[in-house]
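Colleague: I'm new to this one and would like to learn how to read it. Could you walk me through a few features?

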Amino acid sequence: MVMDEDVGKTNDVERTQRTELQSFSKYNAQAASALQEERKKPTYQDDNEYADMDWDNLGFGLTPADYMYVMKCSKDGEFTKGELSRFGNIQLSPSAGVLNYGQAIYEGTKVYRKENGKLLLFRPDHNAVRMQLGAERMLMPSPSVDQFVDAVKQTAFANKRWVPPSGKGSLYIRPLLMGSGPVLGLAPAPEYTFIIYASPVGNYFKEGTAALNLYVEEEYVRAAPGGAGGVKSITNYAPVLKALSRAKSRGFSDILYLDAVKKKYLEEASSCNVFVVKGRTISTPATNGTILEGITRKSVMEIASDQGYKVVEKAVHVDEVMDADEVFCTGTAVGVAPVGTITYQDKRIRYETGDESVCQKLRSVLVGIQTGTIEDTKGWVTCIN
């Protein structure tokens, strides 16, 4: 027989045990949550620590750095606060706007390491503005300039051990804005995701810094008037793959595309803008909606003007290209790359290259500013340490 007093004691013990169990469970949940959050947070290494890489043999391939940045856009068009997380796969609905209608745009910028270890970004605000303009064309919301630049800085700093030593390459930063929400009918996606990831890279072309061999494409066009050729949209790049693959199988580095209407005027290459040099005049195709307004392009034009060259944006006839002294390409990925030959209608023309070329002079100044060996008097460089 159990007395009331004993029953009371038993209930007290059970209550105590339940309270302890609840506290223990709550502690475990908090600990697990804290651990999960801790795994998301970047562990910052010593400035002198590098990832285990063969820095002397970097190509332009994907070697994922440690962290990526993710930010979501709410239904009202406002981007919420983003966060860094470990690089990894993402989940998408099979009916996501990016998968069904290619509703996505991207950017590319680079982080350079100075000789003293400081990390430098080159004109990230211009990437932000270009993404906004592209997003407007593709009917997408976009991060503000401050949100974009801050996200790029966070990504770069979290992955600083992947920034190659000075002179060995750069950390390529890829911001991507895509329609991640599900949609079936032809309409804008109901949700958008902004992601940034990074990869250490070397030279874009397999030729390294050697001169390129280009082929003028007459069958396929890259963009048409009224389209989205001037936007860094994913829809602009898949269509060039067939022509590019064919050209590379014939030994060419890249393709020069002509205008879609008359097929007589130069547009750009598959992944970069093009410049034509004749005497002291440097010409480049005007951005009229079919050509991407490259940030490297814009910077090189300003450097060339500072050095006394006459820089002209115009419709560049293919005959002018074949009569030029020099031709070179510009882009975030390619930098400033000399062109050694161009083949057009079975006729191959060779161009001036080398240390005394206009291309090399402009490249030296640009790279010097980007890497901090030349004083940045233009406010193009941002230090993120």
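**Reading the model, feature by feature**

Modeller: Let's start with a record: the unreviewed UniProt entry annotates Lys 232 as "modified residue: N6-(pyridoxal phosphate)lysine". Keep in mind that what you see is a predicted model, and that such annotations may be inferred rather than shown by experiment.

Colleague: Where is Lys 232 found?

Modeller: Lys 232 sits in the loop between β8 and α5.

Colleague: And how do I tell whether Lys 232 counts as buried or exposed?

Modeller: Look at the relative accessible area: under 20% is buried, over 50% is exposed. Lys 232 has 14% relative accessibility, so it counts as buried.

Colleague: Which residues does Lys 232 touch, apart from those up to four places away in sequence?

Modeller: Its contacts include Ile 105, Tyr 106, Glu 107 and Gly 108. Lys 232 also touches Arg 130, Tyr 237 and Leu 292.

Colleague: What about Asn 236; where is its place?

Modeller: Asn 236 also belongs to the loop between β8 and α5. With a relative accessible area of 7%, Asn 236 is buried. Its side chain reaches the backbone oxygen of Val 231 at 2.4 Å. Leaving aside neighbours within four places in sequence, Asn 236 is in contact with Arg 222, Ala 228, Gly 229 and Val 231.

Colleague: Now the helix. Which residues of α5 are buried?

Modeller: In α5, which spans residues 241-249, the buried ones are Ala 243, Leu 244 and Ala 247. To read a helix, look down its axis and see where those residues point. Here the buried residues of α5 fall within an arc of 100°, so they line one face of the helix.

Colleague: What do those buried residues pack against?

Modeller: They pack against two strands, β8 (212-217) and β9 (254-258). On the other side of α5, Leu 241, Lys 242 and Ser 249 are exposed. Just after the helix, Gly 251 takes a positive phi of about 95°.

Colleague: Last one: strands. How many bridges join β12 to β13?

Modeller: Five bridges join them, and the two strands run parallel. Strand β12 covers residues 281-285, while β13 covers residues 310-314. To follow the pairing, find Ser 283, which stands opposite Val 312 in β13. Then trace the chain between the strands: from β12 it passes through helix α6 (residues 295-306) to β13. This β-α-β crossover is right-handed.

Key: Residues numbered from 1 in each chain as written. Predicted model: local features only at pLDDT ≥ 70, side-chain atom pairs only at ≥ 80, totals over all residues. Heavy atoms only, no water. Pairing = 2+ DSSP bridges. Helix = DSSP H or I, 4+ residues; strand = E, 2+ residues; numbered from the N terminus. Right-handed = clockwise from strand over helix to strand, strands pointing away. Buried < 20%, exposed > 50% of the residue type's maximum accessible area, 1.4 Å probe, protein only. Arc of directions from axis to C-beta. Contact = heavy atoms within 4.5 Å. Polar contact = N/O pair within 3.5 Å; in protein donor to acceptor, adjacent residues only side chain to side chain.
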